[in-house]
Amino acid sequence: MENFLLLGICFGLGLFFRRLPQFPESTPKVLNGFILFISLPSLVLYHVHELKVDATSLLPSSMPWVVFGIALVFFLGLYKLKFLKFHTAVCLVLTAGLGNTSFVGFPLLETYLGKTSLGYGILADQLGTFMVLSFPGIILASIAMDGKWDFVTLIKRVLGFAPIYALFVAIFTRQFVYPEALKLVLLRLGDTLTPLALVSVGFMLDLRTIAGHGKVLALGLGFKLILAPIFVYWMYSPLKEDALLYQTIVLESAMAPMVTSTVITIEKNISPHLASLMLGIGIPISFGTTYVLNFLLKGNYI
């Protein structure tokens, strides 16, 4: 409940601040800059350093890679068929292809499946969603900034992304123990990511733009909240004997778009209004769709 209350308050503050003269149009850019240079690198330094990797982590962590790959083929395929513009397709890959497997995902998992499901959820988030964003996600966003593939430019774009350096540092320092004070500082700085991101998205959210994005918005949310979970349900069905593992993987695949990938999409000016709509509308809708999915999974109706 605390997470959902925070979500609602931060969205509301963003909408409210938009009407105050003290908050200029550049407010989201400032907030996003703090997120990308302070909040996200802090989370990377902490969580990647602390990750424990073993064979059992491969199953839940593989799901976000699978969903992202399907989204990449699906939406870029529609671009190739001239049904979507390039930036629209990339925006949908980065929002519909990456799920909110932690901030929204963890409390929903605990509600539906109990605390024991959180171990699998953390693996899906940290080794799956987070790593997909850090590598193919950032590469795709960097390509979209120029609209073409150029290796040198791509490397410059990727190296200009602060969390990449944090990722390298976290990996190379895994054999060392972080001081407790440093861990606390990193966690506190990382805690600013979700509130600031939701305020930023709320500030940018303009429901009047739905008219211009209605079809692609329905396509993106339909893929994220319905088509992706159906595919994951089918692909991971051999795991049904382990009900908790299986249900966790399927439910995590059905979560709303990821906050951080949406912020990056907005920051890099890749259909920013569509990205804010995907997140701002996708999160409340996902409460209903995941509830129905959990009901069907528990009742063996699917």
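This is a short tour of the structure, stop by stop, with something to select at each one. The model is predicted.

**Stop 1: the annotated spans**

An unreviewed UniProt entry places the feature "transmembrane region" at residues 29-46, 58-80, 86-109, 121-145, 151-173, 217-236, 243-264 and 276-297. Colour them, then pick out two.

Select residues 121-145. This span is 100% helix and 0% strand. Its end C-alpha atoms are 32 Å apart.

Now select residues 86-109. Here the span is 67% helix and 0% strand. The end C-alpha atoms lie 34 Å apart.

**Stop 2: the nonpolar core**

Which residues have the most contacts inside the largest nonpolar core? Select Phe-75 and Tyr-236 to see them. That core has 88 residues.

**Stop 3: helix H12**

Select residues 243-253, which make up helix H12. How many of the 11 residues of H12 are buried? The count is 9, so the helix is mostly covered. The buried ones are Leu-245, Tyr-246, Gln-247, Thr-248, Ile-249, Val-250, Leu-251, Glu-252 and Ser-253.

Zoom in on Ser-253. Is Ser-253 buried or exposed? Ser-253 has a relative accessible area of 1%, so it counts as buried, the cut-off being under 20%. Next, show its contacts, leaving aside neighbours within four places in sequence. Ser-253 is in contact with Met-63, Val-67, Lys-224, Ala-228, Pro-229 and Val-232.

**Stop 4**

Switch to a surface view. Select Phe-151, Val-152, Ile-155, Leu-159, Tyr-165, Phe-168, Ile-171 and Phe-172. Together they make a nonpolar surface patch of about 780 Å².

Which helices supply at least two residues each? They are helix H7 (151-159) and helix H8 (162-172).

Click on Leu-159, which sits in helix H7. Its relative accessible area is 37%, so Leu-159 is partly exposed.

**Stop 4: the salt bridges**

Now look for charged pairs. Side chains of opposite charge can pair when their charged atoms come close. The whole structure holds 3 salt bridges.

- Select Glu-267 and Lys-29. Their side chains meet in a salt bridge, at 3.8 Å from N to O. This pair links distant parts of the chain, 238 residues apart. Glu-267 is in helix H13 (residues 259-267), and Lys-29 is in helix H2 (residues 27-50). Glu-267 is partly exposed, at 26% relative accessible area. Lys-29 counts as exposed, at 55%.
- Select Lys-183 and Glu-180. The N to O distance in this salt bridge is 3.6 Å. Both residues lie in helix H9 (residues 180-190), 3 residues apart, about one turn of the helix. Lys-183 counts as buried because its relative accessibility is 14%. Glu-180 reaches 58%, so it counts as exposed.
- Select Arg-188 and Asp-191. Their closest N and O atoms are 3.8 Å apart, and the two form a salt bridge. Arg-188 counts as exposed, at 52% relative accessibility. Asp-191 counts as partly exposed, at 47%.

Definitions and conventions: Residues are numbered from 1 along each chain as its sequence is written. This is a predicted model: local features need pLDDT of at least 70, side-chain atom pairs count only at pLDDT 80 or more; totals for chains, interfaces and linings use all residues. Side-chain values use heavy atoms; hydrogens and water are left out. Helices (H or I, at least four residues) and strands (E, at least two) are DSSP runs, numbered from the N terminus. Buried means under 20% relative accessible area, exposed over 50%, partly exposed in between (1.4 Å probe, protein chains only). Contact means heavy atoms within 4.5 Å. UniProt positions are given in the numbering used here, feature names are shortened, and annotations may be inferred rather than shown by experiment. A nonpolar core is a set of buried Ala, Val, Leu, Ile, Met, Phe, Trp, Tyr and Cys residues joined through side-chain atoms within 4.5 Å. Patches are made of residues with over 30% relative accessible area and no salt bridge: like charges are joined within 9 Å, nonpolar side chains (Val, Leu, Ile, Met, Phe, Trp, Tyr) within 5 Å. Accessible areas come from the Shrake-Rupley method with a 1.4 Å probe; for residues, only the protein chains shown count as cover. A salt bridge is a side-chain nitrogen of Lys or Arg within 4 Å of a carboxyl oxygen of Asp or Glu.
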